[in-house]
Amino acid sequence: MDRDEVLRLIAYRDKEWDRPWETEKELRDFLKSDNKPLLREIGRTPLPTEYGDVTYFVFGDYTSGKEHDVIIFGKIAEEKLKDYGEPLVRIHSSCRSSELFHASNCECREELDLAMKTMGKEKKGVVLYLNQEGAGNGIRAKLSAYKDTFEWKGAEIVTRLDQNSGKPVSVYDGYTKKGYKTENRDFTIAAEILKRFDIRSVRLMTNNPNKINGLVSEGINVKPYGIHIKPANKTVEEHLRAKADKLGHSIEEKDLR
Ligand SMILES: [Zn+2]
């Protein structure tokens with residue numbers, strides 16, 4: 001590789017990190033209208049986990065250039081899972097702050113854990129781990145929204161309070177303030193992965209009506225299967241309340257206690 005090529009590549013990377021999410025949507029719409037796949041399988045392997053034995057797949061996403069992980073519980077003999085029944089499915093969007101660093105402001109890691117535990121017990125189930133941070137707005141948006149939500153007070157981090165209402169600012173306020181959408185994820189990819197395995201009917205582990213509608217509009221039959229995490233602290237409780245109030249998630253008061 002010569003010097004110019006390296007510089008071009010670096011410029012390209014910079015552009016990628018700054019690229020607005022709209023470009024991905026444009027690409028996706030184009031590929032769909034042209035009947036082109038949105039994904040390709042990069043590889044697969046059997047994988048033993050704490051929760052049970054799974055097949056672990058990684059798919060490459062043509063529109064974002066990112067990779068999505070898929071795990072399927074139980075031995076799958078065939079490419080098509082016609083006899084797999086109506087499995088539990090969790091569409092989980094990556095939340096590195098929670099899953100890797102155990103951030104205490106959201107319930108993502110615990111939800112993933114609960115989903116895998118439940119599937120492990122059934123020895124069946126599919127986790128679609130989608131690389132779409134920050135409600136689909138990307139990691140840059142997430143960092144910026146979090147920065148608007150939390151602040152240092154002395155040696156500790158506290159949630160900022162809204163200057164008018166005096167209420168804690170939610171991460172969704174952060175997104176709105178910066179011109180992002182509070183829900184910007186796309187579930188076409190999830191539907192495409194399920195269809196590849198010939199899974200047409202699922203028990204979807206979610207409280208999010210957008211995920212249900214996203215799959216239904218792509219022709220997947222969905223039975224909602226609620227997933228409720230008792231909030232570990234006040235910040236998570238406020239976060240779940242914001243999800244119910246602002247995004248219409250089915251979380252009731254009793255789920256928060
Ligand atoms: Zn999270």
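Student: Happy to start with a strand: how many of the residues of β4 are buried?

Tutor: Six of its six residues are, so β4 is mostly covered, a residue being called buried when 20 or more other C-beta atoms lie within 10 Å of its own. Keep in mind that this is a predicted model.

Student: Which residues of β4 are buried on one side and which on the other?

Tutor: Leu 88, Arg 90 and His 92 are buried on one side, and Val 89, Ile 91 and Ser 93 are buried on the other. In a regular strand the side chains alternate between the two faces of the sheet.

Student: What makes β4 a paired strand, and in which sense does it pair with β5?

Tutor: Pairing needs at least two bridges. β4 and β5 have five, in the parallel sense, and His 92 has Tyr 129 of β5 as its bridge partner. With β8, β4 has two bridges, also parallel, and there Val 89 stands opposite Leu 204.

Student: Why are the buried residues of α4 said to line one face of the helix?

Tutor: Seen down the helix axis, the buried residues of α4 fall within an arc of 130°, so they line one face. They are Glu 111, Leu 112, Ala 115, Met 116 and Met 119. An α-helix has 3.6 residues a turn, so residues three or four places apart point the same way.

Student: What covers those buried residues of α4?

Tutor: The cover includes β3 (67–73), β4, α3 (96–99), β5 and β8.

Student: Why is Asn 35 called exposed?

Tutor: Asn 35 has 6 other C-beta atoms within 10 Å, and the cut-off for exposed is 12 or fewer, so Asn 35 counts as exposed. Asn 35 sits in the loop between α2 (22–33) and β1 (39–49), and its phi is positive, near 55°.

Student: Which residues have the most contacts inside the largest nonpolar core?

Tutor: Val 70, Val 89, Leu 128 and Ala 190 do, in a core of 35 residues. α7 gives the most to this core, with five residues. Apart from this core lies another of seven residues, among them Ala 135 and Val 171. In soluble globular proteins, nonpolar side chains tend to be buried together.

Student: Which residues does Val 70 contact, leaving aside its neighbours within four places in sequence?

Tutor: Among them are Phe 57, Phe 59, Leu 128 and Ile 193.

Student: How many helices and strands does the chain have?

Tutor: Nine helices and nine strands.

Student: And what makes the chain as compact as a globular protein of that length?

Tutor: The radius of gyration is 19 Å, close to the 18 Å that the globule rule gives for 257 residues, so the chain is as compact as a globular protein of that length.

How values were computed: Residues are numbered from 1 along each chain as its sequence is written. This is a predicted model: local features need pLDDT of at least 70, side-chain atom pairs count only at pLDDT 80 or more; totals for chains, interfaces and linings use all residues. Helices (H or I, at least four residues) and strands (E, at least two) are DSSP runs, numbered from the N terminus. The arc is that of the directions from the helix axis to the C-beta atoms. Two residues are in contact if their C-beta atoms, placed from the backbone, lie within 7 Å. The radius of gyration is taken over C-alpha atoms; the globule rule is 2.2 Å times the number of residues to the power 0.38. A nonpolar core is a set of buried Ala, Val, Leu, Ile, Met, Phe, Trp, Tyr and Cys residues joined through C-beta atoms within 7 Å.
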